[in-house]
Amino acid sequence: MTVTDKGPQPNVFDLEAATVGNESYRTVAWTGTYLQVTLMSIRPGEPIGLETHPEIDQFIRIDAGQSSCVMGPSAEDLTLTQEVSDGWSIQVPAGTWHDVVNTRDEPLRLHTTYAPVHHAQGIVQATAAQTEADEEARRDEPPARTWQSGRRAADSHA
């Protein structure tokens, strides 16, 4: 199933089918003014990467696979550890350090909702390395039309 991000237009698609069928590390599926939906596929044994978003809340739902989720107030103090699998959700408050690590030998498929918008509209990144390159080159910035807090504090990565 192919999903095209049409921006802040009304949109309907089978989220679970799109997530399970997504083979890219990250695909931005819909970008509104205040929130964004992305699909992710994490390779066996790999993490999303320990990070924090100072001004962004995140909702993550696992649609296929199994993983370990960690969260905490700092990269050195990850006080929550939980095994999660198909059907589980993870709520990440702004400023919370977090990571999701694929613990199986099959791809982990999940979707994430960011509020406010966090990525470039419609961007598709095949690998985690492409994601890092796009971030460094500033090709993965939220559209100017989206609401941002005004401060736009930078993410941190461990």
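**Exercise 1. Which residues is L35 in contact with, leaving aside its neighbours within four places in sequence?**

Before we start: this is a predicted model, in which local features need pLDDT of at least 70 and side-chain atom pairs count only at pLDDT 80 or more, while totals for chains, interfaces and linings use all residues. Residues are numbered from 1 along each chain as its sequence is written, and side-chain values use heavy atoms, with hydrogens and water left out.

*Solution.* 
- Step 1: find L35 in the loop between β1 (26-31) and β2. Strands (E, at least two residues) are DSSP runs, numbered from the N terminus.
- Step 2: list the contacts, meaning heavy atoms within 4.5 Å. They are W30, T113, Y114, A115 and V117.
- Step 3: check the accessible area. L35 is partly exposed, at 34% relative accessible area; buried means under 20%, exposed over 50%, and partly exposed in between (1.4 Å probe, protein chains only).

**Exercise 2. Find the order of the six strands in the open sheet.**

*Solution.* 
- Step 1: two strands pair if DSSP finds at least two bridges between them.
- Step 2: follow the pairing, which is antiparallel, and read off β7-β4-β9-β2-β1-β10.
- Step 3: pick out the edges, β7 and β10 (124-125), where each strand pairs on one side only.
- Step 4: look at one pair. β1 and β10 are joined over two bridges in the antiparallel sense, and T27 has V124 in β10 as its bridge partner.

**Exercise 3. Describe the largest nonpolar core.**

*Solution.* 
- Step 1: a nonpolar core is a set of buried Ala, Val, Leu, Ile, Met, Phe, Trp, Tyr and Cys residues joined through side-chain atoms within 4.5 Å.
- Step 2: the largest one has 14 residues, and those with the most contacts inside it are I42, I48, I60, I62, I90, V100 and L110.
- Step 3: see where its residues come from. At least two are supplied by each of β2 (36-42), β4, β5 (66-72), β7 (89-92) and β9 (108-115).
- Step 4: look for a separate group. Another core, of five residues, lies apart from it and includes V3, A29, V37 and L39.

**Exercise 4. Where is P54, and what does P54 touch?**

*Solution.* 
- Step 1: P54 sits in the loop between β3 (51-52) and β4 (57-64).
- Step 2: not counting residues up to four places away in sequence, P54 touches A94, G95, A153, A154 and D155.
- Step 3: take D155 from that list.
- Step 4: P54 has a relative accessible area of 31%, so P54 counts as partly exposed.

Conventions:
Helix = DSSP H or I, 4+ residues; strand = E, 2+ residues; numbered from the N terminus.
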